[in-house]
Amino acid sequence: LLADGGGVILFGSAGENPQNKLVNRFQCSFEGPAEMPLKAASHEITGAIEGRADWLKLEKPDAWEVLVTDAKDRPVLVRKTIGKGMLLIAARDLAGSRPDAKDNINAGWWKPLLTKAAQGKPVDAKKPFASFGIDKLE
């Protein structure tokens with residue numbers, strides 16, 4: 001999926017075993033509560049950053065673009081190009097906590113990030129979506 005230009009966003013937090021197993025494949029892990037306030041580390045993040053977060057430990061920090069950090073400059077939202085695609089890894093609470101998205105916090109900067117992440121994969125509306133498993137992300 002990523003090699004062909006797809007966009008993948010992985011949300012998680014410390015202690016959530018399935019998410020950490022997945023982000024570990026990309027040499028990252030969610031470590032613990034971020035120190036507030038959260039702050040933009042990229043010009044693409046505009047406006048207030050709402051929510052709480054867990055910070056990310058990056059085994060190879062130079063391989064990632066850090067978009068949001070905590071008060072101690074630890075990453076909570078990162079991005080990386082893989083193949084023709086884009087991978088974002090973020091603290092879950094940066095996108096709200098309700099599954100129905102009625103608390104769409106940070107939507108002002110999430111929408112452009114998601115649009116950019118999806119740009120690399122052509123979509124044919126006439127062709128049904130084929131799902132991928134974890135082993136097909138790279």
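Me: What makes the charged end of Arg 92 count as sitting over the ring of Phe 11?
Reply: A charge sits over a ring if NZ of Lys or CZ of Arg is within 6 Å of the ring centre and within 35 degrees of the ring normal. The charged end of Arg 92 is 5.9 Å from the centre of the Phe 11 ring, and it is listed as sitting over that ring. The model is a predicted one, in which local features need pLDDT of at least 70, side-chain atom pairs count only at pLDDT 80 or more, and totals for chains, interfaces and linings use all residues. Residues are numbered from 1 along each chain as its sequence is written, and side-chain values use heavy atoms, with hydrogens and water left out.

Me: How many aromatic pairs does a search of the whole structure find?
Reply: The search finds two aromatic pairs. Rings of Phe, Tyr and Trp (its six-membered ring) pair if their centres lie within 6.5 Å; planes under 30 degrees apart count as stacked, over 60 as edge-to-face and the rest as tilted.

Me: Why is the pair of Phe 11 and Trp 110 called edge-to-face?
Reply: The ring centres of Phe 11 and Trp 110 are 5.5 Å apart and the planes stand at 65 degrees, so the pair is edge-to-face. This pair links distant parts of the chain, for Phe 11 lies in strand β1 and Trp 110 in helix α2 (residues 107–118), 99 residues apart. Helices (H or I, at least four residues) and strands (E, at least two) are DSSP runs, numbered from the N terminus.

Me: Why is the pair of Trp 109 and Trp 110 called stacked?
Reply: The planes of Trp 109 and Trp 110 are at 25 degrees with ring centres 5.2 Å apart, so the pair is stacked. Phe 11, Trp 109 and Trp 110 form one aromatic cluster.

Me: How do you know whether Trp 109 is buried or exposed?
Reply: Buried means under 20% relative accessible area, exposed over 50%, and partly exposed in between (1.4 Å probe, protein chains only). Trp 109 has a relative accessible area of 1%, so it is buried. Trp 110, at 6%, is therefore buried, whereas Phe 11, at 28%, counts as partly exposed.

Me: What makes Ser 13 count as buried?
Reply: Ser 13 has 16% relative accessibility and therefore counts as buried. This residue is found in the loop between β1 (7–12) and α1 (17–24). Leaving aside neighbours within four places in sequence, Ser 13 is in contact (heavy atoms within 4.5 Å) with Asn 20, Phe 30 and Asp 54.

Me: Why is Ile 82 called buried?
Reply: Its relative accessible area is 16%, so Ile 82 is buried. Ile 82 lies in strand β6 (residues 75–82). Beyond neighbours within four places in sequence, its contacts are Leu 2, Ala 3, Phe 26 and Leu 87.

Me: What is the phi of Asp 73, and why does the residue count as exposed?
Reply: Asp 73 has a positive phi of about 65 degrees although it is not a glycine. Most residues other than glycine have a negative phi, and most peptide bonds are trans. At 53% relative accessibility, Asp 73 therefore counts as exposed. Asp 73 is placed in the loop between β5 (65–69) and β6.

Me: Which residues does a cis peptide bond join?
Reply: The cis bond joins Met 36 and Pro 37, with omega about 5 degrees. Pro 37 lies in the loop between β2 (28–33) and β3 (39–40).
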